[in-house]
Amino acid sequence: MSNKVDEFNDLPRWFQRIIPLISVILSVLVFSYVMYLYNQESLEFIQWVRLIVFTIMGVVLIFSAIVYVFNAELAWRWLIGGLGLLPILLLLQLFIFLMTIIRMIINSIFQGSLPEPVQMFIENYPSKFDVVILSVLFIVGLLWIIDKLRKK
């Protein structure tokens, strides 16, 4: 707790004064994206989760701007907490990406053929240019390992 207060006190004074403005601007952006998501014709489960996380983030950021009037250090913590929800959204995108890959693999197993992106990769790789790049990277890596072993 004191670490966040120390971080706040280490900030430039002009930045401490615009924290509510930053919170309000970010919350307006978040709520406009929430309204965009809500106005989509069909919301899938993942979009609902994204909508909920963004709504929580917007509420926390607005609360941060309101709390600034009473306690600037607490407002800073709320601002950091609201922005701390961004990794959850990134993790959600990673989860969607992994589920897409798993679905593509399962579909290709049942169809008995490789997916089109994998087929294109196999057909086009490695080109002569790729072989040169990989050879250079291999030599540089080998020289780096030799240098590390020599220093020990």
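Colleague: Which residues touch the most other members of the largest nonpolar core?

Modeller: Start with the term. A nonpolar core is a set of buried Ala, Val, Leu, Ile, Met, Phe, Trp, Tyr and Cys residues joined through side-chain atoms within 4.5 Å. Buried means under 20% relative accessible area, exposed over 50%, and partly exposed in between, with a 1.4 Å probe and protein chains only. Here the largest such core has 18 residues, and Ile19, Val30, Phe54 and Met57 touch the most other members.

Colleague: Which elements give two or more residues to this core?

Modeller: They are α3 (19-38), α4 (45-67) and α5 (72-83). Helix α4 gives the largest share, six residues. Helices (H or I, at least four residues) and strands (E, at least two) are DSSP runs, numbered from the N terminus.

Colleague: What should I know about the model itself?

Modeller: This is a predicted model, so local features need pLDDT of at least 70, side-chain atom pairs count only at pLDDT 80 or more, and totals for chains, interfaces and linings use all residues. Residues are numbered from 1 along each chain as its sequence is written, and side-chain values use heavy atoms, with hydrogens and water left out.

Colleague: What is Ile19 in contact with, leaving aside its neighbours within four places in sequence?

Modeller: Contact means heavy atoms within 4.5 Å. With those neighbours left aside, Ile19 is in contact with Phe8, Leu11, Tyr68, Trp76 and Leu79.

Colleague: Now Ser64. Is Ser64 buried or exposed?

Modeller: Ser64 is buried, at a relative accessible area of 0%. It sits in helix α4. Beyond its neighbours within four places in sequence, Ser64 contacts Ser23, Ala75, Trp78 and Leu79.

Colleague: Which backbone oxygen lies 2.8 Å from a polar atom of the Ser64 side chain?

Modeller: That of Ala75. For a polar contact, look for a pair of N or O atoms within 3.5 Å; within protein, one must be able to donate a hydrogen and the other to accept it, and residues adjacent in sequence count only if both atoms are side-chain atoms.

Colleague: How many aromatic pairs does a search of the whole structure find?

Modeller: Three. Rings of Phe, Tyr and Trp (its six-membered ring) pair if their centres lie within 6.5 Å; planes under 30 degrees apart count as stacked, over 60 as edge-to-face and the rest as tilted. Tyr33 and Phe54 form an edge-to-face pair, 4.9 Å centre to centre, with 70 degrees between the planes. This pair links distant parts of the chain: Tyr33 is in helix α3 and Phe54 in helix α4, 21 residues apart. Tyr33 is partly exposed at 29% relative accessibility, whereas Phe54 is buried at 15%. Ring pairs also join Tyr33, Tyr36 and Phe54 into a cluster.

Colleague: Where does UniProt place the feature "transmembrane region"?

Modeller: The unreviewed UniProt entry places it at residues 18-36, 48-70, 82-106 and 126-146. UniProt positions are given in the numbering used here, feature names are shortened, and annotations may be inferred rather than shown by experiment. In the model, residues 18-36 are 95% helix and 0% strand, with end C-alpha atoms 27 Å apart. Residues 48-70 are 87% helix and 0% strand, and their end C-alpha atoms lie 34 Å apart.

Colleague: What separates the centres of domain 1 and domain 2?

Modeller: Domain bounds come from an automatic or database domain assignment. Here that gives domain 1 (1-113) and domain 2 (114-151). Their centres, taken over C-alpha atoms, are 37 Å apart.

Colleague: Where is Pro115?

Modeller: Pro115 is in the loop between α6 (86-111) and α7 (116-124). It counts as buried, at 15% relative accessibility. Leaving aside neighbours within four places in sequence, Pro115 is in contact with Met104 and Ser108.
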